[in-house]
Amino acid sequence: MELGSSVSAVRSNRVLVGDEICPAVIVINDGKIHQILSHGDFSGACEVLDVGDSVVMPGIVDCHVHVNEPGRTSWEGFWTATRAAAAGGVTTIVDMPLNSIPPTTTLGNFRDKLREATGKCFVDTAFWGGVIPGNQLELQPMIQAGVAGFKCFLIHSGVEEFPHVTDSDLHAAMKQLQGTGSVLLFHAETEVQHTPEEDGDPTQYSTFLQSRPDVMETEAIRTVTELCLQYQVRCHIVHLSSAKPLKLIQEARQAGAPLTVETTHHYLSLCAEDIPAGATQFKCCPPIRESVNQEQLWSALKTGQIDMVVSDHSPCTPDLKKLDSGDFTQAWGGISSLQFGLPLFWSSASKRGFQLSDVVRLLSRRTAQLCRLDDQKGSLAPGYDADLVVWDPEREFQIKEASVHHKNKLTPYLGVTLQGVVSATIIRGRLVYREGSFCPEPLGKHLLLPQRKTQAQL
């Protein structure tokens with residue numbers, strides 16, 4: 001079957017139907033899942049893609065990706081990011097409003113980004129807008145134009161063109177978002193009276209870690225929970241790294257806050273104790289913390305206190321990582337992992353008693369729900385987009401530079417052996433990736449979210 005061609009049916013001995021793995025045939029019609037049949041019930045005359053014992057399940061929906069186009073295409077771009085996504089079984093990404101120049105903080109800037117992304121996406125792509133000081137009157141026009149929601153920072157973002165917000169900015173934004181059904185995402189760290197990094201050795205990871213203590217996340221999340229309860233606007237905490245604020249989050253939810261929280265593959269896979277001196281490819285904000293904290297994050301995933309897992313793919317050019325000096329305080333904070341999210345998660349999760357149904361829930365269904373794509377993405381059921389990943393959860397592979405499809409190959413995972421090899425990716429019934437090769441033309445589309453009807457419109 002040629003890359004780029006339409007797939008009429010996929011047969012496997014291991015299809016994830018609901019929470020069960022069973023032999024099945026997925027019949028596809030017009031890019032949608034038409035039927036899921038047992039082998040005996042299928043009698044179609046169409047060509048069938050038979051993948052044997054490979055697992056077939058919904059494609060990954062990664063709702064936290066920094067593509068950086070336009071303006072910083074030397075860091076990444078839609079062409080390379082979405083190819084890497086396809087190679088990793090990711091069928092939908094949601095692009096962050098930064099670090100593109102301009103950032104997605106006005107209707108005009110959003111239109112610029114859509115124009116830049118046209119004809120370059122190998123997977124389906126939705127877009128977050130941004131909240132910055134003074135742009136509250138841009139929010140509703142961006143909702144009408146189809147953004148999935150908005151992101152803001154409670155601390156310096158790392159780039160000048162996306163300043164962090166004050167309390168008054170947040171109240172102004174919340175008033176605009178009330179009743180829209182939209183969601184506000186928070187980079188939840190805030191400055192506290194604590195600056196030990198000046199004293200320590202900047203090439204030691206512990207120096208950087210001490211400069212971003214857990215209390216920075218806890219205090220920021222306290223602000224988020226109060227706003228969420230006051231305005232009843234959906235709020236979401238991105239890339240939770242510390243387990244300490246989990247109690248605050250639980251209490252807010254029990255009090256009626258429409259609050260969700262994600263963590264990332266790096267917080268679940270990497271530990272502060274294992275980061276060598278000068279290894280700035282491990283730097284991100286908030287920071288990778290100790291193994292005890294990591295196990296608490298895994299426990300919170302198991303109990304449902306953490307809702308989803310994303311990549312927070314945040315690449316840059318190698319020079320910005322300051323590998324020559326190994327100075328953690330000066331290096332860009334961000335980790336590249338878009339292509340490897342599924343095997344990264346499975347390699348650790350499978351050892352902790354997680355099932356394939358948990359993978360779909362945490363990496364596909366919940367992420368689709370966050371950006372209101374859950375009526376078309378993240379589930380294997382009739383009527384949903386035929387977005388499928390075909391993979392072998394038992395097979396191991398080593399991450400080598402030659403097989404990395406991100407624009408910049410630097411990642412803390414180089415040389416790491418993972419479990420779970422993606423063999424094919426299907427998007428809306430089209431075969432976009434198979435065994436290391438891509439379809440010649442990008443077949444992804446822009447996902448613009450319809451505005452939620454208000455009671456008055458109904």
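**Close-ups of a predicted model**

View A. A disulfide here would need the two sulfur atoms within 2.5 Å. Cys316 is also tucked away: its relative accessibility is 8%, so it counts as buried.

**View B. Cys235 and Cys228, still no bond.** Look across the whole structure and you find zero disulfides. Cys235 is no exception, being in no disulfide, with its nearest cysteine sulfur, that of Cys228, 3.8 Å away. Like Cys316, which is buried, Cys235 is buried, with a relative accessible area of 1%.

**View C. Helix 4 meets helix 6.** Here helix 4 (residues 167-177) packs on helix 6 (residues 214-231) at an angle of about 30°, the axes lying 11 Å apart. The crossing of this pair is right-handed. Helix 4 brings Asp167, Leu170, His171, Met174 and Lys175 to the contact, while helix 6 supplies Thr223, Leu227, Cys228, Gln230 and Tyr231.

**View D. Helix 1 under cover.** Helix 1 (residues 78-87) is mostly covered, with eight of its ten residues buried. Those buried residues are Phe78, Thr80, Ala81, Thr82, Ala84, Ala85, Ala86 and Ala87. What do the buried residues of helix 1 pack against? Their partners are helix 2 (107-117) plus strand 7 (90-95), strand 8 (124-127), strand 16 (417-427), strand 17 (430-434) and strand 18 (437-438). Just after helix 1 comes Gly89, with a positive phi of about 80°.

Conventions:
Residues numbered from 1 in each chain as written. Predicted model: local features only at pLDDT ≥ 70, side-chain atom pairs only at ≥ 80, totals over all residues. Heavy atoms only, no water. Axes fitted to C-alpha atoms, helices over the stretch in contact; angles between N-to-C directions. Helix = DSSP H or I, 4+ residues; strand = E, 2+ residues; numbered from the N terminus. Left-handed = near helix turned anticlockwise from the far one by under 90°. Contact = heavy atoms within 4.5 Å. Buried < 20%, exposed > 50% of the residue type's maximum accessible area, 1.4 Å probe, protein only.
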